[in-house]
Amino acid sequence: MCGIIGIASNKPVSINIINSLKKLEYRGYDSAGLATLTEGDINEKKCSGRVEELEKILFKTPSNGNIGIGHVRWATHGVPNIINAHPHSSEEVSVVHNGIVENSDEIKKDLESKGLKFKSQTDTEVITLLITEALKESEPLESVFKTLQKLKGSFALGIIFKNFSNIIIGARRGSPLAVGYAKKENYIGSDSYALKSMTNKISYLDDGELCVLTKDQVSFYDEKLKKINKKIHIMSENNSAIEKGEYKHFMLKEIYEQPETIKNCIGEYVDSLKKKINIINFPIEPNNINKIILIGCGTAYNSCLTAKYWFEELTTIDVEIDIASEFRYRNLKFNSKNLYIFVSQSGETADTAAALDICKKNNVKTCSIVNVIESTIARNSDWVLPIHAGTEIGVASTKAFLGQLTVLYILCLKLAIVRKDIDERTYEKNISSLKKLPEAIKESINTESNVQLMAKEFLKAKGSMFLGRGSSFPIALEGALKLKELSYLHAEGYPAGEMKHGPLALIEEGLPVIIIAPKDKYFEKTLSNMQEVMARGGKILFITDNYKELVNENIRFGLRVPRLDKLLSPILLTIPLQLLSYHVALLKNCDVDKPRNLAKSVTVE
Ligand code: F6R
């Protein structure tokens, strides 16, 4: 879960490397580094902390060189410090690496027994030393190829060579690697976003492939080192998602973009005149689907859980959900009549991608719901339903979550009507409500000033609890996840009815407890659970869409979101929770867009 960049040019590259690293910081931000070839030597600069620090170092001591590689790190092997920061260089070669070399300990022991010395605690340094050894008898491409044969794991690499000063070699196994083309300049990068300001012409390496870049050309090789051609994709020019504009943080901007992104998403799937959902090409004929299995991680998993309630309400299809990191190791019984749906913003999450691979090996039909349509998960699945949310930069997922929910809801409606699980009237009524969703999201965002007041209740808290029932339960989980990742405050998400089976013991005087209670069949039950919390001193913060009753004077704080249709309430109830985590994090001076220890795209297991 690191970011890598490489540039071969006819002019100095260090400034463009820094600019690309800033864009890659969402992948890791605990240390950074670059290496260029300057006057025939490898010139390495590294820092712990952010790319800004690296920029300061370069400002004092500039790095020349028309060829270079750079890296932002999210530590796996070895603490985040300068020594463990990438690139890892020998006299001959310098390497940046994203991913994990699983057999690094074994290789390290072997190399040490031959007298080689290691400087860092990383798994990457074995790659550097293996290539250095191979270079004694082979050319660079063959040396990298021989090295790859010895490595286990999943990774992407960028490599420069002291004595072959016009080339960069890139290699991909598991972790993504894009290649970009421009005039007298070519690039490798962990994603196309990092290259976007330099080029809109992109190719993607597939698993096992390598590339050799010079400033004038790029050559590609397959896993047997046979030369191959790659397709060039032209990316759209829209860069607005990449700038913060008037907003203080990407996260806030992305929350405020939601009416627009959801409108786009609905526009992509719903025919505005005929009130019909135009989803076609199901990989399994809808009437023959036996079961749907929804798989994701973190926030994406929470969207799967929400969708389970929708599928159960609207269709006769049996639905299971699974956390990708569990799914991939379970002893599962696959069934060709089941549809396996993978939900992922980035489309690169290692666990989700591995779970998808297992499905493919078992010859079952797969669908992915992704934001990044060029991603590994999208490319590897039989059927792709994009969420059309635009680039999401804030590490905490907001607009992508709402996009995932919207696509899952649309898919659910479509399956329900095709299978005749609902009648035309219900179908059309639900589509009408769906079309009003962007406006209702806008109104829900208008709760921000009240949410700001609510956020103050968390300043002195030791922990917090989020409770909901039915489809509000996954929203409670999502609210708790957002709060803990952004403000580092312990937060538990629970089904409200489950409290008395243990968690009630956590309630003490003043503990903030967020009750998510839309007017649905659970409303009264949720109120009873709230009373149990209140009786034990919990400080109740109540979020509802019920305009008639905002119930009890003992509620410390109440918030209302608009009401559209009970099925859509999870989407509208999510928004104040996104804003709450944002404002608590601001009050606590936390880095909202880059919370500690996390990264946007989790490409390691
Ligand atoms: C939390 C968050 C993460 C991601 C998870 C999966 O705000 O963003 O929990 O949802 O890492 O990532 P994707 O959706 O890219 O597979």
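**Exercise 1.** How close do the axes of helix H15 and helix H18 come, and at what angle do they cross? Classify the arrangement and describe the contact.

*Solution.* The model under study is predicted. Begin with the two segments: H15 covers residues 448–455 and H18 covers residues 569–587. Their axes come within 9 Å and cross at roughly 50 degrees. The next step is the classification: because of this angle, H15 is oblique to H18. The crossing of H15 and H18 is right-handed. Now identify the residues involved. H15 contributes Glu448, Val451, Gln452, Met454 and Ala455, while H18 contributes Pro576, Leu579, Leu580, His583, Val584 and Leu587. Sorted by class, the contact of H15 with H18 has eight nonpolar residues, two polar residues and one charged residue.

**Exercise 2.** In what order do the five strands of the open sheet stand, and which strands are at the edges?

*Solution.* The order is S24-S23-S25-S26-S27, and the pairing is parallel. Strand S24 (490–495) and strand S27 (557–560) each have a single partner strand, so they stand at the edges and one side of each lacks a neighbour in the sheet. From one strand to the next, the twist averages 15 degrees.

**Exercise 3.** Which helices pack on the sheet, and which strands do they touch?

*Solution.* Strand S26 (residues 539–544) is joined to S27 by four bridges, and the two run parallel. In this pair, Leu541 stands opposite Phe557 of S27. Turning to the helices, H16 (residues 472–487) packs on the sheet and touches strand S23 (463–468), S24 and strand S25 (512–516). The direction of H16 makes about 175 degrees with that of S24. Helix H17 (residues 523–534) also packs on the sheet, touching S23, S25 and S26. The direction of H17 makes about 165 degrees with that of S26.

**Exercise 4.** How many of the six residues of S26 are buried, and which way do they point?

*Solution.* The count comes first: six of the six residues of S26 are buried, and the strand is mostly covered. The second step is to separate the two directions. Lys539, Leu541 and Ile543 point one way from S26, whereas Ile540, Phe542 and Thr544 point the other way. The residues of both groups are all buried.

**Exercise 5.** How many bridges pair S25 with S26, and in what sense?

*Solution.* Five bridges pair S25 with S26, in the parallel sense. Across this pair, Ile515 stands opposite Phe542 of S26.

Note on methods. Residues are numbered from 1 along each chain as its sequence is written. This is a predicted model: local features need pLDDT of at least 70, side-chain atom pairs count only at pLDDT 80 or more; totals for chains, interfaces and linings use all residues. Side-chain values use heavy atoms; hydrogens and water are left out. Axes are lines fitted to C-alpha atoms, for helices over the stretch in contact, and angles run from 0 to 180 degrees between N-to-C directions. Angles under 35 degrees count as roughly parallel, over 145 as roughly antiparallel, 65 to 115 as roughly perpendicular and the rest as oblique. A crossing is left-handed if the near helix is turned anticlockwise from the far one by less than a right angle, and right-handed if clockwise. Contact means heavy atoms within 4.5 Å. Ala, Val, Leu, Ile, Met, Phe, Trp, Tyr, Cys and Pro count as nonpolar, Asp, Glu, Lys and Arg as charged, and the others, Gly among them, as polar. Two strands pair if DSSP finds at least two bridges between them. Buried means under 20% relative accessible area, exposed over 50%, partly exposed in between (1.4 Å probe, protein chains only).
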